[in-house]
Amino acid sequence: MILPVRSNLNHSPVFSAEQPAENEKKYNHDTLLPNNFSTRFRIGMDKFTNAITLYPAKGLSGNRNANFYEFLTMGQVPYLIGSGVLMAVFNSANKHFDAFSKQKAGPIGKHMALGVLFYGLAKSMSKPLITTPIKLLTGVDTEVPYAKVNYELPDDIYDTDITSIEYHKVFESVEFPRWDLLYMQSGSGKPRNAYYDKVCKKLGLGSNLKDSDQEAKPRIKEIVVKSKLAQNISSYLWAATGVALAFQKPWEEYFNVATLKFWKGKEFKESLSTFGKCFERSLSSLYFGDGSKVGKYTGKAMIFTSLAASALGVLNVMSSSQKPSKLDSADIIEKERKYVVN
């Protein structure tokens, strides 16, 4: 997204941690954004639109402003294309089969297509199982986004103050988080370290600390590292559970009535109703098994392993090697002895 803006050289580098810009689409400095559904949806749509239009055009033309962020953003395009190909690989070939082969291959192809869909959904939806409890327990939102303003080199002599907007996360880099975005802006009526004060209090590091930011930063880094590890492990377990759910037999009833033609109200409504019923029965089938000795336990093992991975991930984040000492000066200094300060 390319936006012309006015230069603002005297703007303070310290921004509010809790008060995003009123108009989130117009930025003249790096701006912290609220981590809610509307913001995530807007960021996702903006990145996807640019990934299929603006960024490829810049790269193919050899534009000197093309960068690594744009390259990584374009990575979602082959991912989506590959998913579509995987979903179509069986279904598109069915028309070339004889009647018997088509009858056998049809359900497998549809199960595969649903499996690809559930894989992506389960992987994405499992992450809040880690980040939400961590935010509630520690006050640290490891996924909080911000808009980064890049001043680009002009393509024409008449171009002035050309900027591009990139969307990053404050803790995207563990070694170099954007700590400056978490300080309160001057004039906000809150202490500069209000965010760090809140985190220190939740973590049991103390209240009314003189330098709460210095106390909180090492612990926040530890939380970010552990939460990323927990997300990576649990997300793939939940993705596997999603695929297993998609291959349950009750879905075949849904395949017979499935439609995306929302303009056909009655058929679309029936499709949605059947989807809900089949989802419930498929979940039950996965949990209780298909009647075989192995199937009786595999579904339960997969579900409980995924739940345990999420729970243990949160517990691991809450355990810290950097807990404050419970000793105070009275426990350390022996009053009967004499001390010399050099």
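Before my first look-up I need one definition: a patch is made of residues with over 30% relative accessible area and no salt bridge, and nonpolar side chains are joined into a patch within 5 Å. I also remind myself that this is a predicted model.

**Entry 1: the whole chain.** I began with the overall picture. I found 12 helices and 4 strands in the chain. Of its 342 residues, 36% count as buried. The accessible surface comes to about 21,500 Å², and 62% of that belongs to carbon and sulfur atoms. I then looked at contacts between residues at least 6 apart in sequence, and 65% of these join residues at least 24 apart.

**Entry 2: a patch on the surface.** Which residues form a nonpolar patch on the surface? I noted Leu86, Val89, Phe90 and Ile108, which together have about 320 Å² of accessible area. Helix α4, residues 76–91, gives the largest share of this patch, with 3 residues. Phe90 has its place in helix α4. I checked how open Phe90 is: its relative accessible area is 32%, so Phe90 counts as partly exposed.

**Entry 3: strand β3.** Next I turned to β3, residues 145–151. Is this strand largely enclosed or largely open? I found that 5 of its 7 residues are buried, so the rest of the structure largely encloses β3. Buried here means under 20% relative accessible area.

I then wrote down the partners of β3. Strand β2, residues 31–32, is joined to β3 by 2 bridges, and the two run antiparallel. In this pairing Thr31 stands opposite Ala147 of β3. Strand β4, residues 162–169, is joined to β3 by 7 bridges, again in an antiparallel arrangement. There, Tyr151 stands opposite Thr163 of β4.

**Entry 4: a backbone angle.** My last stop was Asn208. Where does this residue lie? I located Asn208 in the loop between α7 (194–203) and α8 (212–246). Its phi is near 55°, which is a positive value in a residue other than glycine. Is Asn208 buried or exposed? With a relative accessible area of 79%, Asn208 is exposed, because exposed means over 50%.

Note on methods: Residues numbered from 1 in each chain as written. Predicted model: local features only at pLDDT ≥ 70, side-chain atom pairs only at ≥ 80, totals over all residues. Heavy atoms only, no water. Patch = residues over 30% accessible without salt bridge, like charges linked within 9 Å, V, L, I, M, F, W, Y side chains within 5 Å. Areas by Shrake-Rupley, 256 points an atom, 1.4 Å probe, with all protein chains shown as cover. Salt bridge = Lys/Arg side-chain N within 4 Å of Asp/Glu carboxyl O. Buried < 20%, exposed > 50% of the residue type's maximum accessible area, 1.4 Å probe, protein only. Pairing = 2+ DSSP bridges. Contact = heavy atoms within 4.5 Å.
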